[in-house]
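Here are some quick notes for when you open this one up. Have a look at the fold first, then read on.

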Amino acid sequence: MSKAVQFDEYGGIDVLQVRDVPRPVPAPGEVLVKVRAAGINPGEAMIRRGALHDRFPATFPSGQGSDLAGVVAELGPDVTGFEVGDEVLGFTDERASHAEYVAVPATQLAPKPPALPWEVAGSLYVVGATAYAAVRAVRLQPGDTVAIAGAAGGVGTIAVQLAKRAGATVLGIAGSANDDWLTAHGAIPVNYGDDLAGRLRAASPSGRVDAFLDFFGGGYVKLAVDELGVAPERVDTIIDFPAIEEFGVQSAGNAEGADIAVIAELANLAADGELDVPIAGVFALDDVRAAYTELEKRHTRGKLVLQP
């Protein structure tokens with residue numbers, strides 16, 4: 001037997017249970033991973049509450065989690081390229097990584113760079129793939145100015161750095177507590193609040209905003225298109241689904257970046273010190289409710305991680 005997080009119905013944090021379940025058996029092409037770290041994400045909380053039922057329905061009992069890093073415990077038939085004992089990182093599409101063991105297709109795993117801390121390796125997939133796809137979608141060029149809403153969150157912190165690597169000026173929209181972090185990573189902090197559009201223009205070296213990434217929701221797409229005049233094809237939101245239809249903006253996110261080669265590239269950048277993945281807290285698997293309580297305050301800089 002092994003432990004796994006499950007829930008039997010949509011609801012608040014109290015529906016989460018840590019249960020004894022049969023240890024997974026890897027199918028052909030799969031690798032059984034003993035999980036050392038697994039990130040948690042806002043989308044998982046929205047799925048648990050039923051807020052994304054139309055897009056991502058749950059089948060009960062439902063597990064949780066996509067991000068993972070760990071040690072290969074067993075190989076399924078027809079697996080090559082991995083050995084028992086290898087340290088790996090990657091993702092599962094089965095909502096199953098918040099557990100002691102998870103069976104994962106070998107094509108969704110990559111070697112963990114030795115210098116990469118477990119908690120970073122285990123929380124790269126969702127934020128990394130999402131940030132990578134969103135930045136790519138708005139086609140940043142040197143000289144562009146991009147505004148990023150939710151710039152200090154898990155996705156935002158990665159997107160800030162990828163946008164800088166693309167040569168753009170980055171305006172990071174966040175609370176004032178994040179000013180120092182954003183400045184240290186080459187962004188210009190702009191605190192949310194009154195006359196945000198005017199303050200964004202004033203902060204931009206060119207006086208304009210060329211692209212906008214929305215990782216927070218709550219009207220930022222409308223601000224980008226109607227107040228800042230950003231072309232809809234250069235606006236990307238991962239959270240404001242009604243605005244996608246209303247304004248014709250892009251919605252590239254995790255699904256578009258879900259490539260193990262992307263995750264391996266980001267892992268190597270992080271291991272080399274060229275990508276900072278802030279870790280806001282590490283929780284034991286048994287403390288999953290406390291982890292989501294912290295996450296759902298929506299003021300976390302970087303990632304929260306479970307360690308079975």
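1. Overall make-up. Counting up the secondary structure, the chain has 11 helices and 14 strands. Its radius of gyration is 19 Å, close to the 19 Å from the globule rule for 308 residues, so the chain is as compact as a globular protein of that length. Keep in mind that this is a predicted model.

2. Packing. Of the 308 residues in the chain, 53% are buried. Take the contacts between residues at least 6 apart in sequence: 68% of them join residues at least 24 apart.

3. Helix 4, geometry. This helix covers residues 154-165, which makes 12 residues. From first C-alpha to last, helix 4 reaches 18 Å, close to the 16 Å expected at 1.5 Å a residue.

4. How many of the 12 residues of helix 4 are buried? The count is 10, so the helix is mostly covered. The buried set consists of G154, V155, G156, T157, I158, A159, V160, Q161, L162 and A163.

5. After helix 4. Check the backbone at G167, which follows helix 4: its phi is positive, near 95°.

Definitions and conventions: Residues numbered from 1 in each chain as written. Predicted model: local features only at pLDDT ≥ 70, side-chain atom pairs only at ≥ 80, totals over all residues. Heavy atoms only, no water. Helix = DSSP H or I, 4+ residues; strand = E, 2+ residues; numbered from the N terminus. Rg over C-alpha atoms; globule rule 2.2 N^0.38 Å. Buried < 20%, exposed > 50% of the residue type's maximum accessible area, 1.4 Å probe, protein only. Contact = heavy atoms within 4.5 Å. Expected span 1.5 Å × (residues − 1).
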